[in-house]
Amino acid sequence: MQDLLSVVTLGSIYLLFALGMSLTWGTIDILNFGHGAIFMFSSFTAYLVLQQTELGLPLIVLLGLVVGALMSLLIQVLAFEQIIKRAKDKRTAEMQILIGGIGVAIIPLAIAQHHTKSNPFGFSSSTFTVDTWTMGDLRITNIAALSIVVALVLWVAAAVWLRRSRQGLALRSIGVDAETAALMGIDRRKMALVTMAVSGGMAGLSGVLFTFGLGAITAESGDTLLVKAFACIILGGVGSMLGVAFGAFFLAAAETVVLTQTSGSWVEAVSFGLIFLVLLFRPSGVFGRADVRRT
Amino acid sequence: MIWNARRGGRRKIAVAAIATGVLLSVAACGGSDAPASGEGLPDEIKLVSVNPTTGVVAFAGASANKGYELAVKEINESDLLGGSKIKLEFKDTKSEPQTAASALTSAITDRDVAAVFGSVSSTEAVAMSPLAQKRGMPIIYTQAGSDGVVVGDYTYRATPLMSSYYPIISRFIKEQGYKSVGVMYTSVTPTLQEIGQKTYPQLAKELGFEITKSIATSATTQDFAAPISQLLASKPDVVATLQVGASNPTVMTQLRQAGYQGKVLGNSGASAGNLKPAGKAGDGMVWPVDFNYQQNAESSQKFVAAYRAEYGEVPLNYAAEAYDAAYFLARSMAAADSTDREAIKDAMKEEAAKTFDGALGKDLKWENGTLQVPGVMVEYTTEGEKLLYEGAGE
């Protein structure tokens, strides 16, 4: 049971991180490879603030959210919008956005690496204390419980918003056919900015919770999660909210089982091998659709 | 030892390919015109430190450069080189093997460069060593503990292999009366893997304790809750964790969250301030290391005082190793009375046959191109590192 709890906790972190990426990729066609840098830098900013003043969990979470959202907006306005304006076609724009995201991510990474000398950083000076709750043989920290709740609530909220709200419908229509959506009066730029802000906020939030949960992260931690989130989205199916959750918990389960039952050196090989096998039979992902691919 | 976290077979092949490519390009450039042997030392001797000061192992590279800088300053102020002055240049590898190989290539083709201080990163060092050996460039590394670094008479490593001094932990295990150990090690790095897979089983055999569980973690493991849960379920008296630097605060935090309050047997990757983010949870980790600023040797304390005066802080092991590496090279150049690379190589061989007192301790000796030291045992507390004992202590 403890292992199952570990899977749920780890899966929640993957979900929280991947949810924002999935949202932008599945709707406004932006595969943001700067997502890992946003995740890290939000946490890094909170760390810097904590060096100057004591803060509790709510304010640190808020700080992570705001920094993440602002960074994401900046990337959208300064980089991705410029790429889209200048690209000769959609496919070129997608490729350039991918490369642009990698390029943009180097800046916050370099700042954090320079400041920390690549040493880990954490929130040990925060007033928030991570406590462990014991229920029989089961142990869970308050921050792990919070991460699970936040991930599930945000996932449900994002799925419901996309399916039920007018704005969600508008966003999905952009994902299906941006030009037709524009002809129907949908403001693509405004929707893209909102989506990027939400996505960045999620990255910032997950960065803060992840740092609290692990005690410390490094400037490079976001890169490791980026690859895993990418795998989660592909496995579940691009644009599918159900798919990204499936991918996150599937990957967490595969990693935990392999790590605890075999040698750790097989974790990536087995986990990603399983994903590859699934994709052989379901190329568009477990919950992805080959024709209309949005949510 | 320093390793890049994302290392694997493909990366090694890539590194080998880079090294081979650069090697071929250097070979095509023709030989350098190094100063001839027997002409005496020039007024200015150019040395290059090819180390990462940005990127994932910047903390070690930057610290090593401070050690080189301090030693060069002292050497230039002394009469060791008969009035010749060392000019030390720094090249940042950005923690990238290809950049390291490229910087070394530039140094090799610069006829004024007498020798190079090689990278602390094993990944970078294995890309550099074949070049240095093939093209006859004397190179001294610190850290870089993997195979393929010391590959011939031009290559030296002024850091002992961890497996050579790690067994001093035996005394601690005996004193604490541990009868069982749970081991968790990273499979990313050959050195830590060796400690987990070979050194601990060997110690268990010698000291008669049981290894209740041995778990390997992967390169991308960031959450250790599941392996820790498995480890503690085997009910060991003490936990041993062998992780790269950045993972140590997480492991300590999650061990405490899982209810484990005892000591933790670690490795020197936890030093250099890496445990600080863990706060009080980091208290109680112990590890053997090749240097600690509190060690007693007179030569070590002389170095510590000079370092404090220069930088206003206590030195890390990376700086101490670099300091000794610089002096080793300076003594060799003085003995060669030349900056001819081959003459330096011959002099280094003779110098390596002698013992010396340095920052790392007293009566230090070289074995197969790698420095040997007895090591010290330290314990982490939030107030700072506490020196437990020096050497085997017996």
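In S4(B), which residue is the bridge partner of B:Val116? The partner is B:Ile139.

## Reading the model

This is a predicted model, in which local features need pLDDT of at least 70, side-chain atom pairs count only at pLDDT 80 or more, and totals for chains, interfaces and linings use all residues. Residues are numbered from 1 along each chain as its sequence is written, while chains are lettered from A and ligands numbered from 1 in the order in which they are written.

## Around strand S3

Helices (H or I, at least four residues) and strands (E, at least two) are DSSP runs, numbered from the N terminus.

Two strands pair if DSSP finds at least two bridges between them. S3(B) pairs with strand S1 of chain B, residues 44–51, in the parallel sense over 4 bridges; here B:Phe117 stands opposite B:Ser49. S3(B) also runs parallel to strand S4 of chain B, residues 139–141, with 2 bridges joining them. Between S3(B) and S4(B) the chain passes through helix H4 of chain B, residues 122–135, in a right-handed β-α-β crossover (with the strands pointing away from the viewer, the path from the first strand over the helix to the second runs clockwise).

## The whole of chain B

Stepping back, chain B has 12 helices and 15 strands. Of its 394 residues, 57% count as buried. Two residues are in contact if their C-beta atoms, placed from the backbone, lie within 7 Å. Among the contacts in chain B with a separation of 6 or more, 71% come from residues 24 or more positions apart.

Chain B is divided into domain 1 (9–160 + 298–372) and domain 2 (164–289), with bounds from an automatic or database domain assignment. Their C-alpha centres lie 32 Å apart, and 8 residues of domain 1 of chain B are in contact with 8 residues of domain 2 of chain B.

## How confident is the predictor?

pLDDT is the predictor's confidence in each residue, from 0 to 100. Chain B averages 89, and 89% of the residues score at least 70. Two stretches of chain B to treat with care are residues 3–12, where pLDDT stays under 50, and residues 23–37, where pLDDT also stays under 50. Where pLDDT is low, the predicted coordinates should not be read in detail.

Definitions and conventions:
A residue is buried if 20 or more other C-beta atoms lie within 10 Å of its own, exposed if 12 or fewer, and partly exposed in between; C-beta atoms are placed from the backbone.
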